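Dear colleague,

I am passing on the structure we spoke about, together with some notes on what was found in it. Please look through the sequence and the model before you read on.

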There are 2 protein chains.
Amino acid sequence: MEAPYIVIIATGSEITAGRSLDTNSGWMANQLFELGWKVKKFIALPDDPELILTELQTLKRFSETRPVLVLMTGGLGPTEDDYTLETVLKLSGKKSYSVEKAKIRLQRIYESRGKQYSDILPTVIRQTHVPEDCKTLDNNVGIAVGFVEPIGVDSYLVCMPGVPSEMKEMFTRRLTPELKRIYPRENLVQKTKWLWNIGESLYQKDFVEANRERLFSEVDWGVTANRGYIKCIFQSTNAEKLEHIVRELENQYPKIISDDVFTYVHEELLAKKLTIAVGESCTGGLLGKKLTETPGSSSYFIGGFLTYSNEMKESLLGVSREILNQYGAVSKETAEAMVKGIFEKTNSDYCISITGIAGPDGGTDTKPVGTVWIGLKTPDGSIESHLYLFPGNREGIRENASNTALFLLYQSLKQRIV
Amino acid sequence: MEAPYIVIIATGSEITAGRSLDTNSGWMANQLFELGWKVKKFIALPDDPELILTELQTLKRFSETRPVLVLMTGGLGPTEDDYTLETVLKLSGKKSYSVEKAKIRLQRIYESRGKQYSDILPTVIRQTHVPEDCKTLDNNVGIAVGFVEPIGVDSYLVCMPGVPSEMKEMFTRRLTPELKRIYPRENLVQKTKWLWNIGESLYQKDFVEANRERLFSEVDWGVTANRGYIKCIFQSTNAEKLEHIVRELENQYPKIISDDVFTYVHEELLAKKLTIAVGESCTGGLLGKKLTETPGSSSYFIGGFLTYSNEMKESLLGVSREILNQYGAVSKETAEAMVKGIFEKTNSDYCISITGIAGPDGGTDTKPVGTVWIGLKTPDGSIESHLYLFPGNREGIRENASNTALFLLYQSLKQRIV
């Protein structure tokens, strides 16, 4: 069978008005990518039954020429502006019926809240309805039932709730097995590596273009730019070819390559029972925030100092006035003195300091906006410091600086093992 | 002139593969809403010139029936998978030329990096190209020039870079005046108010539905849910009606209403020359990060303490072991002792402490996940503390807590004036 032409539709006026961000479509595309399919188009539409119907009619006509898979989220809720069921019934000319299992579940939920069946609003009961003759997708999280409506030869319209937790559970547990059955596909393998402080286009030229013929047959590649690093993604049904590419990438970029540093740092600090503390100037708490994002981080994150002003660098971390006057707050000497101060106050295995110029003001000829010093004290007691000139605006520089600090920590943790 | 049928297109395989989230389209829809226009459709397409061309051809044909405005981002970069210019030239049958001003700017950028004009790759120079006979949109942030290509009667295709900082600057400074000229519109007035720790649907039922007939003729409304607060937006050509609605809203929710607290706090602390310092436990630096997001924050933000562990609460902020043992780290007593400690170490006008359980573990029957104490020391020396039970996951609770801390600061600053 020809690969399906996949379109993802998100409905909701809050999306097209820019009041809320559609995260469902990207999440589904990611899941589909792992199943080996690429999405041809995302569409977002307001809660307007005519616009939705027109779009679905166009896609149904298109399914006369090739297999089409449409995944639609939203519009299955209990409010007056939820139009999905009504629109699909118009599209198909079918009637709907209430799914018995879902009705009983709804009744139980109401009873558990001390309410009766008669209390349930008709628009809430509507959520248990699906078109006749279609595959239903149970909802274990919320009320609305999803469904898979055939729209042509090997072509389907999947309707799911827009609430992310409901959609994700339904997609993973109910839809994925169904999709694997409808569109069987060989297993894909995927590898992701990160490269630090290098541009997308340079990577593409030096690695992808330079090695296209030699390495990239049977292999798909993608790249995502992030703050401080790019994610290089490779995908193939041939696992050996993937291994080969990753080895070549490691050979070409030994000093700037990493795995997911956020995950690695968390797991290594936990596994090795190491502790960490920070001292932040221009990042104002962003590094601490990143280090405490993952549950369980209290096992290794001791604490930190937000020494935004010179006075605080002196009084909290003991950076001497001489150093501040002679070298300035953004200097190797200050970064290293901060690290020493963090260690004295916390006795942590790792201590990281960040001091820099996030801008837009405060830059000079010798220290332009983006200049950042990062200090690192490792468990063996040695202290190092690194100078960077990060691109971007204030937010970008702060993100770059705190991510790069985590990369330095990653490298140090990695060396301890090798 | 009939209102334009507005479609926003985001191109980029990283979007349709789910590797990166399209935030541009929502941002533009928001800007357009403020200009008085609603968007009919978002589309995201992979970097596939055929798919992009087909979509643009369909929209061009559609512009024969009514005015159509297409806003497209992405595909203007320097890599081989940037197809926007090529596709638009195919669509229009035009040729392109290099915009002199942009070429000179590019040359200067290269020279400032010690490189020569001959070093510039052809794909980079391509970014200065636009189709003949169209309005160009200067790029003050990056290299790629944007443009407005006529595609029919009162119909236009706008192409802008996908890098958010470049697109936003170009949209605000270059495109908005152009749009106002092309599609003149009666002046809309807009008011935005924030309500804290209240659900969207409750607000909708208690304020919008309850007052629909009395207050909402000639007025559009919208609501955005955020972490800790909702933004209530009202829009009308009738300024008096807007004033009236806002007064009624203030009457109905006197204790939880605010303006944009981030802006207000920044401006008031600057204007009143007041200083602030923080002590964070469960938020791990997020409050400090938020307080230092705006340039100029070094005038008021002194610094802070990330006292994630009990030991640090003791050693850095002098919270006594008795308090920690008797009341626990998440308690009124600890929050207030932290605030005292921050003041002793920094002498700041305002001191804020946050201590809570961000989860997913660590909750108990009496202190479930989401329990957060926020302490506040005001310039007159008084200390208060507030207990919250925030909903959501770890990230949500941390965002809620730090935003609510800023709301408490807002309220205190507001009282000083009245």
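**Where the two chains meet**

Between chain A and chain B, 24 residue pairs are in polar contact, counting those in which both residues reach pLDDT 80 or more. Please keep in mind while reading that this is a predicted model. On the side of chain A that touches chain B, strand S2 of chain A (residues 39-45) gives the largest share, with 7 residues. The residues on that side of chain A divide into 27 nonpolar, 23 polar and 14 charged.

The contact takes 64 residues from chain A and 64 residues from chain B, and the area buried between the two chains is about 4,700 Å², of which carbon and sulfur atoms give 60%. Of the area that chain A buries against chain B, 13% is supplied by Arg19(A), Leu306(A) and Tyr308(A), which is more than any other three residues supply.

There are also 2 salt bridges between chain A and chain B. Lys41(A) forms a salt bridge with Glu55(B), and the closest N and O atoms of this pair are 2.6 Å apart.

The chains also meet through strands, for strand S14 of chain A (residues 301-306) pairs with strand S14 of chain B (residues 301-306) in the antiparallel sense over 3 bridges. Within this pairing, Gly304(A) stands opposite Leu306(B).

**Strands within each chain**

Strands of a sheet pair through backbone hydrogen bonds, and they may do so in either a parallel or an antiparallel way. In chain B there is an open sheet of 4 strands, in the order S10-S11-S9-S12, with antiparallel pairing. Strand S10 (220-225) and strand S12 (257-258) of chain B stand at the edges with a single partner strand each, so one side of each is left without a neighbour in the sheet. Inside that order, strand S9 (residues 189-196) and strand S11 (residues 229-236) of chain B are joined by 8 bridges, and Val189(B) has Ser236(B) as its bridge partner.

In chain A, strands S10 (residues 220-225) and S11 (residues 229-236) run antiparallel and are joined by 6 bridges, with Thr224(A) partnered by Lys231(A). This hairpin has 3 residues between its strands, and Gly228(A) takes a positive phi near 100° there.

**Helices and salt bridges**

Helix H4 of chain A (residues 84-92) has as its buried residues Thr84(A), Leu85(A), Thr87(A), Val88(A), Leu89(A) and Leu91(A). After this helix comes Gly93(A), whose phi is positive, near 70°.

Glu100(A) and Lys103(A) meet in a salt bridge at 3.8 Å, N to O, and both lie in helix H5 of chain A (residues 100-112), 3 residues apart, which is about one turn of the helix.

The side chains of Lys193(B) and Glu250(B) also meet in a salt bridge, at 3.3 Å, N to O. This pair links distant parts of the chain, with Lys193(B) in strand S9 and Glu250(B) in helix H10 (residues 239-252) of chain B, 57 residues apart. Lys193(B) counts as buried because its relative accessibility is 12%, under the limit of 20%, whereas Glu250(B), at 31%, counts as partly exposed.

In chain A, finally, Lys193(A), Glu250(A), Asp259(A) and Lys414(A) are linked in a network of salt bridges.

With best wishes

Note on methods: Residues are numbered from 1 along each chain as its sequence is written. Chains are lettered from A and ligands numbered from 1 in the order in which they are written. Side-chain values use heavy atoms; hydrogens and water are left out. Two strands pair if DSSP finds at least two bridges between them. Helices (H or I, at least four residues) and strands (E, at least two) are DSSP runs, numbered from the N terminus. Contact means heavy atoms within 4.5 Å. Buried area is the accessible area (1.4 Å probe) that two parts lose on being put together, summed over both. A salt bridge is a side-chain nitrogen of Lys or Arg within 4 Å of a carboxyl oxygen of Asp or Glu. A polar contact is a pair of N or O atoms within 3.5 Å; within protein, one must be able to donate a hydrogen and the other to accept it, and residues adjacent in sequence count only if both atoms are side-chain atoms. Ala, Val, Leu, Ile, Met, Phe, Trp, Tyr, Cys and Pro count as nonpolar, Asp, Glu, Lys and Arg as charged, and the others, Gly among them, as polar. Buried means under 20% relative accessible area, exposed over 50%, partly exposed in between (1.4 Å probe, protein chains only).
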